[in-house]
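Here's a quick walk through the model shown below. Keep the structure open while you read.

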Amino acid sequence: MSDAVTRSFPLFPLGIVALPTETVPLHIFEHRYRTMIERCLQAEPGSAGREFGIVWLSDEELKPVGCACAVEQVLERMDDGRLNILARGVRPFRLLERQDDLPYPAGAVEFLEEDEEETDEQAAAATRELYRQLVMAATDRELEHSELLAMSAYRMAATVEFEAEAKQELLELRSENARMRLLARLLKGAIDHLDLLERARARARSNGKVRFA
């Protein structure tokens with residue numbers, strides 16, 4: 001294997017997809033995963049040794065691309081050894097080979113680089129505008145322009161409850177332009193869904209009658 005491959009990287013197959021920048025609360029109860037997390041906690045804060053990989057275990061397969069996450073905080077330690085932690089997504093990786101020589105799931109991985117490309121400013125601006133609209137519709141909060149400009153596709157997507165399939169597709173894209181375009185479609189769908197929910201709530205409040213001001 002090449003020098004770019006990292007061996008013995010801890011793996012946590014789960015029924016979720018994590019994205020870079022996303023905060024992920026986890027309850028650690030199996031002994032092998034408690035051993036894995038304790039190993040991460042022994043590493044220096046901010047070092048790669050605190051990272052482990054969340055890989056989506058879908059109904060069909062273990063996906064080949066996952067997200068390295070770093071343990072940010074131990075929220076609770078229980079008397080029986082279980083842990084509640086907060087992890088944060090850091091960077092995507094490709095799983096090349098599973099390893100069975102450690103007391104927890106692990107593998108050989110390569111961390112994925114971004115494509116070199118010119119930023120599609122129009123696509124980015126359109127996506128951020130859709131995100132602004134969604135946040136306003138869902139929370140009544142108006143985002144500052146400077147906040148929006150600082151947000152990548154990953155960072156925006158990490159704050160929205162998308163389906164695992166959509167998040168996996170975002171995770172596997174190596175182009176920020178492509179992620180922005182995909183995210184725009186997902187945000188439009190989320191806005192449309194919110195509109196439908198609001199109309200349904202309005203109909204329920206009206207008890208089937210049209211209300212005039």
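Predicted model: local features only at pLDDT ≥ 70, side-chain atom pairs only at ≥ 80, totals over all residues.

## Around Phe111

Leaving out residues up to four places away in sequence, Phe111 touches Thr6, Phe9, Glu51, Ala68, Arg91, Pro92 and Phe93, where contact means heavy atoms within 4.5 Å. Phe111 sits in strand β6 (residues 106-111); helices (H or I, at least four residues) and strands (E, at least two) are DSSP runs, numbered from the N terminus. Ala4 is 107 residues from Phe111 along the chain, yet their C-alpha atoms are separated by 7.8 Å.

Residues are numbered from 1 along each chain as its sequence is written, and side-chain values use heavy atoms, with hydrogens and water left out.

The protein chain averages a pLDDT of 92 (the predictor's confidence in each residue, from 0 to 100), and 92% of the residues score at least 70. Over residues 208-213, though, pLDDT is below 50, and this stretch has three contacts in the model beyond near neighbours in sequence.

## Overall layout

The protein chain has six helices and six strands. Starting at the N terminus, the elements go β-β-α-β-β-β-β-α-α-α-α-α. Along the principal axes, the C-alpha atoms fill a box of roughly 70 × 50 × 35 Å.

## A charged pair

There are 16 salt bridges, counting a side-chain nitrogen of Lys or Arg within 4 Å of a carboxyl oxygen of Asp or Glu. One of them joins Arg77 and Glu38 (2.7 Å, N to O). That pair links distant parts of the chain, 39 residues apart: Arg77 is in strand β4 (residues 65-77) and Glu38 in helix α1 (residues 31-42).
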